[in-house]
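Dear colleague,

My findings follow directly after it.

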Amino acid sequence: MNRDEYFMDFALREAKKAYKKGEVPVGCVIVKNDKIISRGHNQVLSKKSGVYHAEIIAINKAGKKLGDFRLEDTEIFVTLEPCCMCAGAIVNSRIKRVVIGAMDPKRGFCGSIENVLDRQEMNHKSIIETKVLEKECLEILQEFFKILRSEKKNK
């Protein structure tokens with residue numbers, strides 16, 4: 001297991017926490033100097049707010065821990081490509097590197113629909129690495145939505 005896979009495994013553990021709560025299973029960790037400084041998983045349903053995405057939660061925790069909104073020299077490992085809101089938060093937080101498990105062709109803003117992290121007009125650009133533990137990241141999402149569709153069909 002290489003370094004990126006090692007930290008993505010922790011993000012997957014966060015996604016599993018969301019899964020167990022009935023939330024869309026997305027998880028992430030923020031790393032600085034090879035140490036996890038914050039973790040997050042989706043909590044949209046439990047918090048009854050569309051902003052409680054894994055990335056936003058982890059970014060908020062990291063900012064509090066570091067005492068600054070600027071998360072320079074950090075990396076975020078996330079199981080699913082960030083949406084527009086989360087990609088914007090990554091830019092505003094100045095996260096250096098974004099490591100993505102699975103791409104999201106319907107909502108992803110780090111290369112699928114648009115790449116907010118590499119726009120010339122933005123004040124910050126992040127390095128992007130994709131498809132790290134992609135199979136595992138896709139499997140948990142596919143399983144979640146398969147069960148969700150089955151439950152809806154049986155109602």
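Helices and strands here are DSSP runs, helices of at least four residues and strands of at least two, numbered from the N terminus. On that basis, R94 is placed in the loop between α4 (84-93) and β4 (97-102). Please note that the model is predicted.

Backbone angles. Most residues other than glycine have a negative phi. R94, although not a glycine, has a positive phi of about 60 degrees. N33 is likewise not a glycine and has a positive phi, of about 50 degrees. N33 belongs to the loop between β1 (27-32) and β2 (35-41), and it counts as exposed because its relative accessibility is 64%, the cut-off being over 50%.

Strands. Six of the six residues of β4 are buried. β4 pairs with β3 in the parallel sense over five bridges, and the bridge partner of I76 in β4 is V98. The chain passes from β3 through α4 to β4 in a right-handed β-α-β crossover. β4 also pairs in the parallel sense with β5 (residues 127-129), over three bridges; there V98 stands opposite I128.

The residue T74. T74 is found in the loop between α3 (54-66) and β3 (75-80). T74 counts as buried because its relative accessibility is 0%, where buried means under 20%. The T74 side chain reaches the backbone oxygen of L71 at 2.4 Å. Neighbours within four places in sequence aside, T74 is in contact with I30, V31, K32, I37, L66, I95, K96 and R97.

Yours sincerely

Definitions and conventions: Residues are numbered from 1 along each chain as its sequence is written. This is a predicted model: local features need pLDDT of at least 70, side-chain atom pairs count only at pLDDT 80 or more; totals for chains, interfaces and linings use all residues. Side-chain values use heavy atoms; hydrogens and water are left out. Buried means under 20% relative accessible area, exposed over 50%, partly exposed in between (1.4 Å probe, protein chains only). A polar contact is a pair of N or O atoms within 3.5 Å; within protein, one must be able to donate a hydrogen and the other to accept it, and residues adjacent in sequence count only if both atoms are side-chain atoms. Contact means heavy atoms within 4.5 Å. Two strands pair if DSSP finds at least two bridges between them. A crossover is right-handed if, with the strands pointing away from the viewer, the path from the first strand over the helix to the second runs clockwise.
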